[in-house]
Amino acid sequence: MIALYLFIALCCSALAFGVKQRWASVLAVLAFLSTQLGLNYYAWGHLSQTDSIYFSFDALGFIFTSVLSIISLPVFYNSYRMLEHQTGEWADKRKASLYTAALIILIAVLTAVYFADNYGILWVLIEVSTIALAALIYFYRTKLALEATWKYIFLSSVGISLVLISLLFLNVAMHRESGASLHISAVLENAKNLDPLWLKVAFALMVTGLSTKMGVFPFHTVGIDATMVAPHPVNVLMSTALKNAGFVAVFRLYQAVMQTSIAEWASHVLLLVGLISIALAATQTQRTQNLNRMLGYSGLEHVGLALVGLSLGQVGFYAAVFHLVLHSFAKAGLFLQMGQVNRIYDHHFPEKNAAYFHSNPIGSLVVLLGYIGVMALPPSGLFSTELMIFSQLAAQKQWWVLVLVLFLMTIVLLTLGRQVMNMLYGIKAKIKTDVAVVKVDALEIIAQITVLGLMIYIGFNPPVFLVDLLNQACVR
């Protein structure tokens with residue numbers, strides 16, 4: 001099924017890129033979305049089954065694929081509105097066709113990453129995601145976009161190289177096992193017999209290399225720079241699905257490491273990376289007034305907190321995965337609204353975007369709700385997952401970690417809050433030209449409110465089937 005899914009996605013991408021007409025792009029997107037939802041339905045009915053040799057339908061992959069499928073719907077619609085430029089014309093057919101083709105490939109590749117059951121295939125898919133994202137980041141063809149694209153390609157290539165080296169060491173660690181392979185399921189089955197030294201090196205290199213995708217220390221800057229210039233629908237995927245893909249890859253290896261003698265060491269590595277990431281988010285938000293960049297640092301904070309959760313054991317596993325699910329909905333709603341901000345003001349600096357409440361009252365409420373969501377303030381669903389992590393830190397008597405995390409997150413909350421409030425209610429005189437109240441697309445607003453509503457509802461009232469899936473994902 002996965003092989004068929006990837007083939008259809010490739011055909012849809014080729015159609016959009018080759019024909020270069022609006023009808024072809026729309027047809028390709030509709031066909032791909034139907035296939036995406038069909039794969040989700042198929043995976044639900046075939047959990048714990050192997051597919052296409054190198055893939056496996058499991059709870060962890062199904063959870064994040066479902067999140068990606070839900071987010072993909074407004075992402076494609078917002079992309080259509082962006083390409084249309086509110087004039088009813090397909091402004092640049094070549095750019096539009098390349099954008100649509102690359103977006104389809106990116107979503108298909110990330111979906112395959114979630115279900116990959118082989119580290120070699122996982123590595124190839126992650127490399128393809130870099131190529132697709134490079135085409136999307138360079139969409140506006142500006143000097144800043146070119147610079148961000150080359151930075152992304154270079155640092156991602158370094159990260160991918162480190163991941164490849166980590167797989168070589170992982171293969172060495174498994175060499176003593178007859179018939180051992182780089183299948184993820186095989187690594188889990190033989191985890192207790194892996195060579196601890198080589199496994200340490202493999203794990204450290206994989207965490208470092210995949211930091212380009214997770215958006216955490218040390219290669220966190222690559223994604224944050226890209227969010228300044230990429231289209232907002234692309235920012236949605238970079239801040240949610242891409243981070244989740246990197247997290248899934250690390251989590252699968254960490255589940256094997258937890259069965260070995262280096263489990264405590266690996267936990268300390270994740271804790272250190274998580275704390276440094278949160279600290280960087282707290283310090284760097286003080287140095288920028290670019291709202292997209294601030295939201296990028298917010299993602300750095302949340303994934304860092306998820307890694308802290310992973311270091312806490314089984315309860316932390318549940319909280320970390322659930323946290324990223326809710327973070328995906330919160331960040332998607334906020335970045336989608338930032339697309340409307342960009343269409344009204346044509347820039348992302350809060351001090352210039354003053355009085356947004358006057359220009360777009362409904363959109364301003366979405367911004368406010370999104371801010372409450374990503375900052376985990378009640379009624380944000382992220383409040384419940386952060387409470388799980390903080391409670392576990394207290395239960396394990398890691399008081400210094402708890403105090404430090406709370407202090408750093410408070411800094412981010414206040415800094416981002418000040419900029420958001422200035423954007424919503426700042427002095428209108430700061431705007432160079434008067435911005436009239438604009439008519440916004442009702443479907444865009446409905447989509448943004450829907451994903452933010454899911455974040456709130458699921459966070460405090462998770463469905464039974466989701467709780468079961470989360471428990472299955474954490475004990476594979």
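One caution before we start. This is a predicted model. Please keep that in mind throughout.

Salt bridges, then. How many does a search of the whole structure find? Six. I will walk you through some of them.

Start with R81 and E444. These two form a salt bridge, with the closest N and O atoms 3.8 Å apart. Look at where they sit. R81 is in helix α3, residues 59-84, and E444 is in helix α20, residues 442-460, so the bridge ties together parts that are 363 residues apart in sequence. Are the two partners buried or exposed? R81 has a relative accessible area of 12%, so it is buried, the cut-off being under 20%. E444 is at 0% relative accessibility and counts as buried too.

Next, D225. This residue has two partners to look at. Take K151 to begin with. The D225 and K151 side chains meet in a salt bridge, N to O at 3.9 Å. That pair links distant parts of the chain. D225 belongs to helix α10, residues 221-227. K151 belongs to helix α6, residues 143-173. They are 74 residues apart. On accessibility, D225 has a relative accessible area of 14% and is buried. K151 is partly exposed, at 36%.

Now the other partner. R293 forms a salt bridge with D225, and here the closest N and O atoms are 2.8 Å apart. R293 lies in helix α14, residues 291-310, and D225 in helix α10, so this bridge connects parts 68 residues apart in sequence. R293 and D225 are both buried.

Which residues end up in one network? E147, K151, D225 and R293, joined by salt bridges that share partners.

On to the rings. The whole-structure search gives 18 aromatic pairs. One of them is W44 with F465. The ring centres are 6.0 Å apart and the planes stand at 80°, so this is an edge-to-face pair. Again, the partners come from distant parts of the chain. W44 is in helix α2, residues 22-45, and F465 is in helix α21, residues 464-474. That is 421 residues apart. W44 is partly exposed, at 42% relative accessibility. F465 is also partly exposed, at 47%.

Ring pairs link F64, Y114, F203, F247, F251, Y254, W265 and F317. Remember F247 from that list.

Two lysines also sit over rings. K20 lies over the face of F17, 4.3 Å from the ring centre. K95 has its charged end over the ring of F139, at 4.6 Å from the centre.

Last topic, the core. As background, nonpolar side chains tend to be buried together in soluble globular proteins. Here, the largest nonpolar core has 166 residues. Which residues have the most contacts inside it? Y119 and F247. Helix α15, residues 314-345, gives the most to this core, with 19 residues.

So what does F247 touch? Set aside its neighbours within four places in sequence. F247 is then in contact with F64, M214, A306, L307, L310, A320, V321 and L324. F64 and F247 also both belong to the ring cluster.

That is my tour. Questions, please.

Key: Residues numbered from 1 in each chain as written. Predicted model: local features only at pLDDT ≥ 70, side-chain atom pairs only at ≥ 80, totals over all residues. Heavy atoms only, no water. Salt bridge = Lys/Arg side-chain N within 4 Å of Asp/Glu carboxyl O. Helix = DSSP H or I, 4+ residues; strand = E, 2+ residues; numbered from the N terminus. Buried < 20%, exposed > 50% of the residue type's maximum accessible area, 1.4 Å probe, protein only. Phe/Tyr/Trp six-rings, centres within 6.5 Å; stacked < 30°, edge-to-face > 60°. Lys NZ or Arg CZ within 6 Å of the ring centre and 35° of its normal. Core = buried A, V, L, I, M, F, W, Y, C linked by side-chain atoms within 4.5 Å. Contact = heavy atoms within 4.5 Å.
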